[in-house]
Amino acid sequence: MLKKNVGGLDRIARVVVGLALLAAFFIGPQGSYSWLFLLGIVPLATGLLSTCPMYSLIGVSTCPTKQS
């Protein structure tokens, strides 16, 4: 399984943006570029799974560090 690297506020923002883009796809005007709203699947999935492949590639993590 992938390592968690997406923290609290980052997760919330990703889920909200993803849901907003998907809602725009289904509710908004149907034009020639309306399929671009389906890109909302990416932030929604990364927010729900708490992992971002791009963060892993560049070595970023917004998860709080564990206190020992």
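The model is predicted. The chain has 3 helices and 0 strands. Its elements run α-α-α from the N terminus. Buried residues account for 26% of the 68 residues.

**Overall shape and surface**

- The radius of gyration is 14 Å, whereas a compact globule of 68 residues would have one near 11 Å.
- Along the principal axes, the C-alpha atoms fill a box of roughly 50 × 20 × 20 Å.
- The protein chain exposes about 5200 Å². Carbon and sulfur atoms supply 74% of that area.
- Take the contacts between residues at least 6 apart in sequence: 72% of them join residues at least 24 apart.

**Helix α1**

- Helix α1 covers residues 8-27, which is 20 residues.
- At 1.5 Å a residue, α1 should span 28 Å; the end C-alpha atoms are 28 Å apart, so the two values agree.
- The buried residues in α1 are Asp10, Arg14, Gly18, Leu22 and Phe25.
- Viewed down the helix axis, the buried residues of α1 fall within an arc of 90°, so they line one face.
- The face of α1 turned away from that buried side carries exposed Leu9, Ile12, Val16 and Ile27.
- Cover for the buried residues of α1 includes α2 (41-49) and α3 (53-58).

- In α2, the buried residues are Pro43, Leu44, Thr46 and Gly47.
- These buried residues of α2 pack against α1 and α3.
- Ser50 has a positive phi of about 60°, although it is not a glycine. Most residues other than glycine have a negative phi.
- Ser50 counts as buried because its relative accessibility is 4%, and the cut-off for buried is under 20%.

**Thr46 in α2**

- Thr46 is found in helix α2.
- Thr46 has a relative accessible area of 9%, so it is buried.
- The Thr46 side chain reaches the backbone oxygen of Pro43 at 3.1 Å. Pro43 is also among the buried residues of α2.
- Not counting residues up to four places away in sequence, Thr46 touches Val6, Arg14, Thr51, Cys52 and Pro53.

**Asp10 in α1**

- Asp10 is found in helix α1.
- With a relative accessible area of 19%, Asp10 is buried, because the cut-off is under 20%.
- The side chains of Asp10 and Thr62 are joined by a polar contact of 3.2 Å.
- Leaving aside neighbours within four places in sequence, Asp10 is in contact with Tyr55 and Thr62.

**Points to check in the structure**

- Start with the one face of α1 that holds its buried residues, then turn to exposed Leu9, Ile12, Val16 and Ile27 on the face turned away.
- Next, find Thr46 and its side-chain reach to the backbone oxygen of Pro43.
- Then look at the Asp10 and Thr62 side chains, with their polar contact of 3.2 Å.

Methods. Residues numbered from 1 in each chain as written. Predicted model: local features only at pLDDT ≥ 70, side-chain atom pairs only at ≥ 80, totals over all residues. Heavy atoms only, no water. Helix = DSSP H or I, 4+ residues; strand = E, 2+ residues; numbered from the N terminus. Rg over C-alpha atoms; globule rule 2.2 N^0.38 Å. Buried < 20%, exposed > 50% of the residue type's maximum accessible area, 1.4 Å probe, protein only. Contact = heavy atoms within 4.5 Å. Areas by Shrake-Rupley, 256 points an atom, 1.4 Å probe, with all protein chains shown as cover. Expected span 1.5 Å × (residues − 1). Arc of directions from axis to C-beta. Polar contact = N/O pair within 3.5 Å; in protein donor to acceptor, adjacent residues only side chain to side chain.
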